Amino acid sequence: MATQERGLATRRMILEAAGAVFSERGYSAATVSDVLKRLGLTRGAVYFHFASKEELARTVLASQADIPTVVRDIKLQELIDLGLVFACQLTRDPVLQGSVRLSLELDSVGLDRKLPFRSWVDRNQEILEQARAQGELRPHVDLKETAELLCSCFTGVQLFSQVMTGWADLETRIRALLKHVLPNIAEPSVLVQLDLSADRGLKVGAELSALAEAREAEENDR
């Protein structure tokens, strides 16, 4: 078990270094040597986990699909929380930062840059389908159209925030976006129950951390 845990820790360390390099230099300019310089590991140690720069980049790119969320009774609140958690994590997670740059960079040749966008659209649509089943959405709402709109608007907002403030105001801008979108899709009785407070992202992040710690403690007790 200790060996497995060390392997997972090393893999995560490599991904964080690679994410930082891709975020700073982009895909074409980044090299495995750049990653090695940050890590102090041998080339063999990196290639044990990842066969090439391309595999590293694909794994970093796919990391957006790993954003956690808390299951909520009100599904539109779950959708809100997912976006706010992403905003909070993006400001401090180098893997996520690298993934965002790779997905938006036109010279990421050979990478499926559509992957994270498809993942977000599918995830948004799944939550919206659950919201519709519970009567949370107004009758006119087109689920796929709304899922794609949220993804594309979020992309523009995070890019604007990165340029203007280095993502320092991203959560504020995401809340502003949702304040404009939600009244057009949510039933009024549901809308008044939704929490878009300034500290919502931090609260959900703390909740997720507590859940992760509880799962880890449970696994250690087995």
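**Annotated regions and cavity**

Reply: Residues 8-68 are 75% helix and 0% strand, with the end C-alpha atoms 18 Å apart. Helices here are DSSP runs (H or I, at least four residues; strands are E, at least two), numbered from the N terminus. The model is predicted: local features need pLDDT of at least 70, side-chain atom pairs count only at pLDDT 80 or more, and totals for chains, interfaces and linings use all residues. Residues are numbered from 1 along each chain as its sequence is written, and side-chain values use heavy atoms, with hydrogens and water left out.

Me: What does UniProt place at residues 8-68?
Reply: The unreviewed entry gives "domain: HTH tetR-type" there. Such annotations may be inferred rather than shown by experiment.

Me: And which residues does "DNA-binding region" cover?
Reply: Residues 31-50, according to the unreviewed UniProt entry. That stretch is 75% helix and 0% strand, and its end C-alpha atoms are 13 Å apart.

Me: Switching topic, how many cavities of 30 Å³ or more turn up?
Reply: One, from a search of the whole structure. A cavity is a set of points on a 1 Å grid over the protein atoms alone where a 1.4 Å probe fits but cannot get out; lining residues have an atom within 4 Å of a point.

Me: What space lies in the largest cavity?
Reply: About 300 Å³, a volume being the space filled by probe spheres set on the points.

Me: Which residues lie nearest its centre?
Reply: Of the 20 lining residues, Trp 120, Asn 124, Leu 150, Cys 151 and Phe 154. Helices giving two or more residues to the lining include H5 (75-90) and H8 (143-165).

Terms used
On a 1 Å grid over the protein atoms alone, a cavity is a set of points where a 1.4 Å probe fits but cannot get out, and a pocket is an open set with protein on both sides within 12 Å along at least five of seven lines; lining residues have an atom within 4 Å of a point.
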